[in-house]
Amino acid sequence: MAFWHRLFTTISTKTKLLSPPKTLLTTTLTLTHLLNSKPKPHFLSLFTSHFSTSFLITKTPKKHKKKRDKKPSPRTKLVQHQSNLIPHFENILLRDAHFRFLVKTKEFLAKQPEHVLRLDDAGKLHRELGFSRGRKVLRFIQRHPLIFEAYRHSDGKFWFGFTDFMESLLDQERRIMDEMEENRVAIVRKLLMMSAEKRIPLSKIYHNRLLFGIPEDFRDRVVKYPNFFKIVVEHDGKRVLELLNWDPLLSVSALEREFMVDEDKVKKAFKFPVKHGKALDLDEDDERKLNLLNTLPLVSPYSDGSKLDLWTLEAEKYRVGMIHEFLSLTLEKRASIHHIVEFKEELSLTKHTYQMLLKQPRTFYLAGTEMNWVVFLKDAYGKDGELMNKDPLVEFNEKLCRYADMQETESGTEFSKK
């Protein structure tokens, strides 16, 4: 009662009411009128001053807020679900990351005069040399003391280059390249035979040369084979390598050769679902043909796939077979998305290559993240993750990586690991 008495006294005073309301109805009407009418500022402050809400917490403190899960980024989201990961393939990508500086710096430094580079200049070449931006290049050089060495030049500046031991390894690599030249020529010929127009820009082959074990000076070497290749300079100055002669012996894919040896294994390698009725009255021969439709890619990657209807089963078989043959030509039977995309036009691929390969887990394994994934030919690797058939250059690269992770020599030939 004391509360209502104070409230009505305040209302009566400010509205100049000479006497308090005599009935409950009058009180209700007066109060309703005041609440519905637009109050004046001074009246509103008076009306609310007795009922402050400053003690209420109107904003949830940070410590009580529920943290929202960050949306997965294609840069970090793995291609494979955790339950489907194959560790030895994923570990190969970790190894690549570990030796990125070694591989890129070796390629860059080998093209410099006298194989040396000023340290100040090297610090600005984080992309070319493969080290993290903002890091000091000297730290990466010191990781591989048998491969790189830094020294002060007579000009007072610090330089770095290959060690004498590394120079001897480069000589070994050049000998391997010379010995494997005919094999590399055959690989380039097969790439041209697979391409839609039987021609590929020289820049693309050069940019992906490490993938196929092609030597750095291959553009000078192709002129030695005028019966196989022709270099055409287009109106924009682009140099394109064209195929001159078709070789039927080279137009047999790795999948077709394997089919001749183990037909059942190849039939199980792929699966292409075809919609059909459940109760088909098929004889044994027709059922066998239908099974072939659902499994083996019968479309050769050396046929003209540009004439196929883009979204037909036949076209998808052609593209799957094309990727299989492309990977079989690589040194390590794998390639990153960046390598594949670079030959997208030549290999008649579509933007759905990623989804297409995911549907073939028996033959392909996609590793890494959605933005930077790598596709492996599973059958080319053993259960331990080792390549079953190693090219001489692969063996050399593995030896180089072992040396790169060693700290010092023992008796000139034996090495101790870090």
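Predicted model: local features only at pLDDT ≥ 70, side-chain atom pairs only at ≥ 80, totals over all residues.
User: Which residues of α9 are buried, and where do they fall when the helix is seen down its axis?

Analyst: The general idea comes from the helical repeat: with 3.6 residues a turn, residues three or four places apart point the same way in an α-helix. In this structure, the buried residues of α9 are M166, L169, L170, E173, I176 and M177. Viewed along the axis of α9, these buried residues stay within an arc of 115 degrees, and therefore they line one face of the helix. D164 and E179, on the other side of α9, are exposed.

User: What do the buried residues of α9 pack against?

Analyst: Their packing partners are α5 (100-110), β3 (158-162), α10 (181-194), α13 (218-221) and α20 (392-404).

User: Turning to loops, where is Q360 placed, and is Q360 buried or exposed?

Analyst: A residue counts as buried under 20% relative accessible area and as exposed over 50%. Q360 sits in the loop between α19 (353-358) and β8 (364-368), and because its relative accessible area is 2%, Q360 is buried. Once its neighbours within four places in sequence are set aside, Q360 is in contact with A269, F270, K271 and F272.

User: And is T76 buried or exposed?

Analyst: T76 belongs to the loop between α3 (41-49) and α4 (87-98), and its relative accessible area of 58% is why T76 is described as exposed. Separation in sequence should be read alongside separation in space: T76 and M371 are 295 residues apart along the chain, yet their C-alpha atoms are 8.0 Å apart.

User: How should I read strand β6, and which strands pair with it?

Analyst: Begin with burial, then take the partners one by one. Four of the five residues of β6 (residues 239-243) are buried, and the strand is mostly covered. Strand β4 (residues 199-201) pairs with β6 in the antiparallel sense over three bridges, and P201 has V240 of β6 as its bridge partner. Strand β5 (residues 229-233) also pairs with β6 in the antiparallel sense, over five bridges, with I231 bridged to L241 of β6. The hairpin of β5 and β6 has five residues between its strands, and there G237 takes a positive phi near 90 degrees.

User: What is the order of strands in the open sheet of three strands, and which of them stand at the edges?

Analyst: The order is β7-β9-β8, with antiparallel pairing. At the edges stand β7 (334-336) and β8, each of which has a single partner strand, so one side of each lacks a neighbour in the sheet. Direction ignored, neighbouring strands of this sheet are turned by 20 degrees against each other on average. The antiparallel pair of β7 and β9 (residues 373-377) is joined by three bridges, and S336 stands opposite V374 in β9.

User: Which helices pack on this sheet?

Analyst: Helix α4 packs on the sheet and touches β7, β8 and β9, its direction making about 45 degrees with that of β8. Helix α17 (residues 313-328) packs on the sheet as well, touching β7, β8 and β9, and its direction makes about 85 degrees with that of β9.

Terms used:
Residues numbered from 1 in each chain as written. Heavy atoms only, no water. Helix = DSSP H or I, 4+ residues; strand = E, 2+ residues; numbered from the N terminus. Buried < 20%, exposed > 50% of the residue type's maximum accessible area, 1.4 Å probe, protein only. Arc of directions from axis to C-beta. Contact = heavy atoms within 4.5 Å. Pairing = 2+ DSSP bridges. Axes fitted to C-alpha atoms, helices over the stretch in contact; angles between N-to-C directions.
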